[in-house]
Amino acid sequence: MKKILLPIAMISILLIDGCSSTSELNKTAFNDLPLLKQKIEERFSDSLFTHAHWGALIKSLKTGDIWYERNSEKMFMPASNEKIPTSASALVTLGPDFSFETYLSYDGEIIDSNLNGNIVVFGNGDPTLYNRFFNDPRDVFRSWVEKIKSLGIKQIDGNIIGDDNAFEDYPYGYGWTYDDLDAWYSAEIGSLQLNEDNIDLKIIPPITKDGAVVIEPNLPSSYFKIENNTLVGDTGRTNLSISRAFGTNNILVSGYVKAGSREIQRTPSITNPTLFYVTVLKEVLEENGIRVNGNPKDCDDILDWKTTKHDLKTIDLHNSPPLKNILAGLLKRSQNLYAETFTRVLGWKKSGIGSFKEGKKVVENVLAGFGIKPGTYAYMDGSGLSRYNYISPKQLVQILEGMKKNAYWQVWYDAFPIAGIDGTLRNRMKGTKTEGNVHAKTGTISNVRGLSGYITTADGEPLVFSFLVNGHLRSDADTEYITDSVLEIISQFNRN
């Protein structure tokens, strides 16, 4: 028999056989905990998922009682629920007011408005030079133009050098899929980052089939090339492909575009974020009247580069927005780049080495404080993109429960996506009692889904939960039907 998926708003009417009204549900189903558990069990035992593996844990933050569990101590790939240990560790260790630091410096001498030397930028991973935080990703660069001009500099004889040695050189997470490396969510990680190491493309179809597709990058630069191989017609549906050959910054846009159709947004990644950063900086300097005779350079391409910021004269120290603001971008949008940056800056802050390996040590220490021993889980990247990550629903609940007792609890709670309101939950659970109630982190990679966070019952009891499914062959809508309907059941529970 084919299963018919119903809107979540209708589910409450069908949860209990024979019930046909919300008032009857409240009287019968939602003041009896054993019956509540039965209904939750029915959802997780759905025949659509007999081939898959569900893990779940629901716990009261008020009493500490376990309301429901299923394979709660088994290991699961968490997808972006991996961002829960990463974000908790960053917030606990660095604090909500931590900011990334970027130094604009120079060497040589300034003689008659001419800098006989280089401009050098040192960074420790600031991911915020993007229109999420600024009107234009180049706004900071334009402020630097004014500071350079204030020194009387009109010409730079040397190079524009990016020092990215605060972080390790390997720009990917362990086990990331090669096929996805040209996508925004697999952007390369570095200690100098601009535009989230991506290019946002606005693809504008023509009005008629005789016109041409217009492609507008949000940050124009000579650093990348866009090849437009699109075909235009007036029938059928638009079907585009965006790709970037590995190791190049040649972005190919191909496929079919229907004339008069709506604008399309796509975001490919770029390679070598450091060189991208200093290339755009050089372009901004020249656009604003400062001549640069040298070239943009990644310090790794300069033989025997051992210069530090202490060896040079500082022009400006730029501080990023505080971590509490960046954390919201990380969790609500599920920004992999931010999560990977946090892991590396944890290592840099604690040991002076901005590597995943050093950052992992900090994460393990924080999780140990929540009662989770190293070796009982596999923390293999900071974002959850790797399929080598493994953690249990119980361990995720331990982290979520531990953060409830932390001094930064409100910052933490506010950073999560809110059902029906924002982030990756903005289109889910609308029109139900869970809308505005559930604060939770989503997770999605192929054949894996996760949802972990917080919910409050109808009588005000706060709960923490973690739902993970691995090895499923169903659609996103099918997995959301299970998790979201369980949360709808919980939201209506009232002991009174």
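Trainee: What makes the 50 residues in the largest set a nonpolar core?

Mentor: This is a predicted model. Membership needs buried residues of nonpolar type, joined through side-chain atoms within 4.5 Å. The largest such core holds 50 residues, and L323, F342, I399, M403, W412 and Y454 touch the most other members.

Trainee: Which element supplies the largest share of this core?

Mentor: Helix α8 does, with 6 residues. Among the others that each supply at least two are α4, α7 and β20.

Trainee: Which residues are in contact with F342, leaving aside its neighbours within four places in sequence?

Mentor: T86, A90, F100, L323, I326, L327 and L330. Contact here means heavy atoms within 4.5 Å.

Trainee: Why is the pair F44 and Y68 called stacked?

Mentor: Ring centres must lie within 6.5 Å, and stacked planes are under 30 degrees apart. For F44 and Y68 the centres are 5.6 Å apart and the planes are at 15°, so the pair is stacked.

Trainee: What makes this pair a tie between parts of the chain?

Mentor: F44 lies in helix α3 and Y68 in strand β2, so the pair ties together parts that are 24 residues apart in sequence. Both F44 and Y68 are buried. They also belong to one aromatic cluster with F49, W54, F465 and F467.

Trainee: Why is the pair W412 and F416 called edge-to-face?

Mentor: Edge-to-face needs planes over 60 degrees apart. The planes of W412 and F416 are at 75° and the ring centres 4.9 Å apart, so the pair is edge-to-face. W412 is buried, and so is F416. The model has 22 aromatic pairs by this rule.

Trainee: What makes a space a cavity, and how many are there of 30 Å³ or more?

Mentor: In a cavity a 1.4 Å probe fits but cannot get out. The count is 1 cavity of 30 Å³ or more.

Trainee: What makes a pocket, and how much space lies in the largest one?

Mentor: A pocket is an open set of points, with protein on both sides along at least five of seven lines. The largest pocket holds about 730 Å³ of space. Of its 29 lining residues, S80, W184, Y185, S334 and T444 are the closest to its centre. Strand β18 gives the most to the lining, with 5 residues.

Note on methods: Residues are numbered from 1 along each chain as its sequence is written. This is a predicted model: local features need pLDDT of at least 70, side-chain atom pairs count only at pLDDT 80 or more; totals for chains, interfaces and linings use all residues. Side-chain values use heavy atoms; hydrogens and water are left out. On a 1 Å grid over the protein atoms alone, a cavity is a set of points where a 1.4 Å probe fits but cannot get out, and a pocket is an open set with protein on both sides within 12 Å along at least five of seven lines; lining residues have an atom within 4 Å of a point. Grid points are joined across faces, edges and corners, and a volume is the space filled by probe spheres set on the points. Helices (H or I, at least four residues) and strands (E, at least two) are DSSP runs, numbered from the N terminus. Buried means under 20% relative accessible area, exposed over 50%, partly exposed in between (1.4 Å probe, protein chains only). Rings of Phe, Tyr and Trp (its six-membered ring) pair if their centres lie within 6.5 Å; planes under 30 degrees apart count as stacked, over 60 as edge-to-face and the rest as tilted.
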